[in-house]
Every structure is written in structure tokens, then in C-alpha cells.
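Here is a short report for a first look. Start with the view below, then read on section by section.

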Protein chains: 2
Amino acid sequence: MANLKQLAQSLGLSITTVSRALDGYSDVSAATRERVREAADKAGYRPNASARRLRRQRAELVAVTLPSDPGHIGPPHFLDMLSGCAEHLAGAGLNLVIAPVPRGESELEICRRFVDGRRVDAMLLVRTKRHDERVEFLQSRGIPFVTNGRTESPVPHPYIDGDGFAGFHAATQRFRTAGHRRIGHIAGPQEYYFAHVRRMGWQSAMDEAGLEADLCAEGAPTEQGGYLAALELLRQPSRPTALVCATDEMAMGALRALREIDGGNQISIVGHDDLPMGAYTSPSLSTMRMTGENLGTNFASLLLRAIAGEPAEELQELHAIEFVDRDSHRRPPAAA
Amino acid sequence: MANLKQLAQSLGLSITTVSRALDGYSDVSAATRERVREAADKAGYRPNASARRLRRQRAELVAVTLPSDPGHIGPPHFLDMLSGCAEHLAGAGLNLVIAPVPRGESELEICRRFVDGRRVDAMLLVRTKRHDERVEFLQSRGIPFVTNGRTESPVPHPYIDGDGFAGFHAATQRFRTAGHRRIGHIAGPQEYYFAHVRRMGWQSAMDEAGLEADLCAEGAPTEQGGYLAALELLRQPSRPTALVCATDEMAMGALRALREIDGGNQISIVGHDDLPMGAYTSPSLSTMRMTGENLGTNFASLLLRAIAGEPAEELQELHAIEFVDRDSHRRPPAAA
DNA sequence: CTTGACTCCCAAAACGTTTTGGATGATCCT
DNA sequence: AGGATCATCCAAAACGTTTTGGGAGTCAAG
């Protein structure tokens, strides 16, 4: 309610002393420290955030950019992630601001606005591209950041990601072991790292099995994108008997396509992300998910360490992918 | 990159003139204005946000508190809402910070921290209670805010809400018209306004139909809460033949209870919120949703008007509820 | 009595803006 | 010529902190 000056005046002390008393410095006597603290409490004093920020040259803020394209908004538990992340950051005196990207503006411009206007001390990036200009920009500015998802940047940066390659490799092998030979892949836009690496996982498993990796269709990372991509694969002369889909949303679109197609209920399918609604589709959607608890907290602590100056190499977390065993992947391999 | 002083020095002008040139004041000649603008562009100058905030005595920030209890995180499209809201606010130079509530701290304390530390110019509140201490606090401080959901506060405040009373009244009537007589209600915690008003809607429709409104069970606003509440109702000597549920999550819990109970597939059900996954349950979940597009944008513009000083009475939006016609409400009324 | 160490306090600078209240000439009117 | 008006510019204050670099005073040791 009041400011430091008024508080100091009412106590007959200097601004300096009051400030230092509240910050717990040892060069103010225990007695006055107590006296100051009491008065501050009673007055409901809170330091003015803007003033402190100006003086300390820190924004006490971290921004996370939210891509506005539908289907690009990241993992399903994104809000939980944000919430956990914000909570952890708050413990370190940082607040999380969300930076949506308006139509017509690029994510890069948003980063620029936040960073060059010194509005933030650090940034969080989601849905990284293989070649990500936001990453390059932040690196050029030397501002700490952590990405959710890797990139192909030549200079290392902190990230947290799931091992999509291994996950999709294993899922493809699982189908192969079950007897499938025509295993298709519904891929996301290949400029995204996650989409690319998932496709590589599928492809590598196909190669190792000596199977041709020709049943691949790419689409937008949405229900509709998955639907269209699935239709494309189902029009092929020799249909797939199993589909490995880049995301659950795409998998749900693929399920819709399968329902519309004769014999579609004979085709196995698996997605990725473990969207809650996957448990309710029919058949319920088998899927994969990143292991490790509370992505948000993890994300936040990586960021805090990055701010503290730890080198990027020590701030890279690659988590295993676990299979979520439901019904949609158990169709007979011979049919279709 | 640079600051005003350096910019001024390099141009041989005063700080004042540079500042005013950039802000487009008319007391600097068109020629110098242009010259300054070019130099600023080339230097990539952005005013330091903290300094501006301190001087202008505005935080340029708005906070929204996120309750951390599971199932309390508000509407399903909450993230979309936040995103739309943040985007709209950004147009007015305001950024949106999310303020999660850590365990052991109350939402009120969070509000206090943000408001008294002058970290924000305004606040957004979600999941209001009938008697909401956050609302009282913000009113006492005179800081602008908008709630998502009404309260019973004696002094009016800006809000945006769906007409839950009418929605649940209509849904109950719909069951009555279809021949149901034993229509139950699965209620959310009654301290929440939305939960209370939805219950009142059901009750009033029952009263009008001359039916006894005794089949009501209250639970946490989660899947599990709905499950438990449904079991409670199904244990009654005379079971309900239809259930009106406070939220979709609770309705999905109720569906689970029905699956476990003999004859449960004969009981009609309807939820509220239009969660995306409701389309995939079996039976697909009939539900309700608030009309009006982009809640977030709406929310933001109400807030901007509140900041501009419009009286609260003109900033209250009550939106109609529309029925989402799927399968779960079409079970025969006679069974069970 | 001096010296040094120690405790407790403070004045002033600095952070980078925005805004107030002129100052300086030039131009125009009478 | 004298005054008024206008177009440009600027010095300095202010916003509320944190931090630097001491300044008194006390006390114990030399």
C-alpha cells in the first residue's frame, strides 16, 4: 500500500535502512529489523515490482509462446504443464506470461518484442521446428531458454523431449512382431522436429525388418489432417494393415477414415500423446506417452538452471516413451 | 538494444526529443521525427519495459489465477480462452500472466501479492464461488477485474457467464417431455456459483412439473466425483431414469457408474461444457455449451472496458446455453 | 591516547523512461 | 520596432527501488 519512503519516514529511519532491513541484511540491528518488519507488515507494504525490476535489471518474467494455429498447441496436458511450470517458477520469483502469436505475426517477432524490450529474463519454446529461427534468435541474444522438443541447431541448447525415434521404432516393431508387413505411417509436417523424428523411427524399423517403407502420408497435425492422410493411404493398391500415427489427434482422424471405409475396422492403429479422450474412442486408442512426471516442473527447473548459467549440454533431457496398451492396435494383421 | 540516452547522443538530440519523436508528438518537426525513427529502427531500439512501467505507474500486465485442484481448472477450452484473451489484450499493450495457486496458499493470497505489489493493472478470475473472497478483495482495492462466472456479491462486478439456470431448466424439461419422471441431478460443490445455479435450474423445473426433486447427489467436479455421486443415486430404492449432470466430467464418471450397474445402459444422461471427448464416449455424451464465439476475446474486451472505467453494470454478459444433441440422452424413460 | 575493528546507519547514485514547464528563435501582425 | 504567436527543442524532475561507499559511534587492544 505504501512505499519505502513513507515507511522510512514513519519509522524515523532512512530508506536504505528500511530496504536493507526487509531484505534481511546483517548490517541493520536485529531490533530495528524487527521493528521495520512489523511496521511493514502492518502497512501491508510490498515493494513496487516495476521499480525493483528497473533497478535490478531483471524482468522477473518468463514468456512462453503459444502458436495459434489449431492443432499446433502442443501436448494435450499443455495447460497442466503451464500451470506446473508457472508454479515452480513462482518459487523463484518469476512469473509466467503467455505470448500468443496473433495472425499475421511470426513467432520470431514475438520473441523479438519480448526479448529486446527486456520484458522477460528467459523464454520457453514449444513445438520446435527442425530449423527453428526462434532458437537462432535467442541464441544470438544470449538469453536463456528451454525448448520443449529438439532442433537441429548446430549449437546445443537446453531442451526436454520424448525419444520419438525409439517410441515409433518400437511401435513399428511391435506391429511387425504381431505379423504385420504393410505398416503405414501417418506423418506430421516434416519441418517439425517431433514429426520428422517419429517418421524416422518408423522408417528405420521398416528398413531393419526388410520391409518397404512406402506407405507414408503427411498431413496437418490435426484430426482432419489425419483423416485425409489416412484416406490417401487407404486408396493405395495394397492397403496397410496397421498405421502408426504421429499424434493422437491424427490417429483419431484416421479412425474416422477407417470407419468410412470397407474393412477399415480390420486395421490396427496407434497414436502418440495419450490424449485423455483416446480412452473413450471406440476402439479405445492405443498410444504412447513420454515418461517422467510433471513435465512443467521439469521444464521450469531446467530453465532456472539455464538462467543460473549452467551449460546447455547439461540441460538436455530425453525421456523414454512408454506404450499405452488399449484396443486399437489389436486387429488381425492378415485382413484388409 | 540501445537505450534512449545513447540514441539521443548519437543523434545529437536530447532524450526528451527522441522520446517524443518516437511517441509521435507534434512538437517535434516532421524531419527530425523521421530521422529519429530511422535511427531507432536501425538500432533496433525498444523502450525498456520496466522503466516505462515505473514511470507510467502501470504494470502493463494482467493476471489470471489458475486453481490447482484437479477438475477445478475451468472450462474445457480454457487454454483456447486464455490464448484468445491474451491475444486481444496484447493489442492493447497488456500481457497476460498466469498465476497458479501453489499448495498451501489461497487464491486470495495470490491476488494480494499481485495487486499490492502493483504487478498487475487488472485481474481475471475463473470458477467463482457464490461468496468469493477474491471478488471482495479486488473490490476493496478498486482494481478492475472480470470474472468468468457470477457471484452473489452485493456490489455488482463485471462478469461473463452462461445461463446455467435456464440451461438446466430446459434440459430437465426436455427429459420430462420425453416422459421421464424420476430425473436425478448430479451436482457440483454448492459453494461454486455455477454448480448452485445449475442445481436450481433442475430443481425449479422439477417443481414446475410437480415432480419431487429428491434425487440429487453432490460430488467433486471430477470424473471420480461424478462416479461416486451416480452410485449414490443408483442405490436409491427408486432409481432415476435420467440424470442431469453439472459438468461433462461428472457425466463421464456417471457413465462409468452406469456401465457397472445392471440396467444402467437404460438410463439417460446429459452433461455440460461440451468437452471434446464427449463426442467419443459410448454412448456419445449429450451436453450443453455456452453460446457466443471466442470467450477469450469477449473476456478481454470486457476487461479493457473495465480498465477504461465503464461501470460494472454495463459489463455483465449472460449467454444462453445451447443443447448439444448426441446419444446419451435418448434412453427410454420407462426402464431402470 | 591512538589504532583498528566492528556495529549500525545513511546520503546519493543509478536503473531508463515520460512529462512538465520552459527556452530559443523565427515569423507575423500592428 | 514591439509584441504576440508559433514551431522546435531541451533540462530536470519524477517514478520506487537497490546498492555503493562511506560516516558516526563504541569498544578492545596496543
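## The interface

Chain B and chain A bury about 4,200 Å² between them, and carbon and sulfur atoms give 59% of that area. The model is predicted. On the chain B side, B:Arg46, B:Leu79 and B:Tyr280 lose the most area to chain A. Together these residues make up 17% of what that side buries. The size of an interface is often given in this way, as the accessible area lost when the parts come together.

The contact can also be counted by residue. Here 46 residues of chain B touch 46 residues of chain A.

How many salt bridges does the rule find across the interface of chain B and chain A? It finds 4. One pairing joins B:Glu60 to A:Arg119 in a salt bridge. The closest N and O atoms of B:Glu60 and A:Arg119 are 3.4 Å apart.

Polar contacts are counted separately. Between chain B and chain A there are 8 residue pairs in polar contact, with both residues at pLDDT 80 or more.

## Symmetry

Two copies of a chain are related by a rotation about an axis and a shift along it.

## Aromatic pairs

A search of the whole structure gives 2 aromatic pairs over all chains. In chain A, A:Tyr192 and A:Phe194 form a tilted pair. Their centres are 5.8 Å apart, with 40° between the planes. Are A:Tyr192 and A:Phe194 buried or exposed? Both A:Tyr192 and A:Phe194 are buried.

In chain B, B:Tyr192 and B:Phe194 also form a tilted pair, at 5.8 Å centre to centre and 40° between the planes. B:Tyr192 has a relative accessible area of 6%, so it is buried, as the cut-off is under 20%. B:Phe194 has 11%, so it is buried too.

## Charges over rings

Chain A also shows arginines placed over tyrosine rings. The charged end of A:Arg20 sits over the ring of A:Tyr25, 3.7 Å from the ring centre. A:Arg256 lies over the face of A:Tyr227, at 3.8 Å from the ring centre.

How values were computed: Residues are numbered from 1 along each chain as its sequence is written. Chains are lettered from A and ligands numbered from 1 in the order in which they are written. This is a predicted model: local features need pLDDT of at least 70, side-chain atom pairs count only at pLDDT 80 or more; totals for chains, interfaces and linings use all residues. Side-chain values use heavy atoms; hydrogens and water are left out. Rings of Phe, Tyr and Trp (its six-membered ring) pair if their centres lie within 6.5 Å; planes under 30 degrees apart count as stacked, over 60 as edge-to-face and the rest as tilted. Buried means under 20% relative accessible area, exposed over 50%, partly exposed in between (1.4 Å probe, protein chains only). A charge sits over a ring if NZ of Lys or CZ of Arg is within 6 Å of the ring centre and within 35 degrees of the ring normal. Contact means heavy atoms within 4.5 Å. Buried area is the accessible area (1.4 Å probe) that two parts lose on being put together, summed over both. A salt bridge is a side-chain nitrogen of Lys or Arg within 4 Å of a carboxyl oxygen of Asp or Glu. A polar contact is a pair of N or O atoms within 3.5 Å; within protein, one must be able to donate a hydrogen and the other to accept it, and residues adjacent in sequence count only if both atoms are side-chain atoms.
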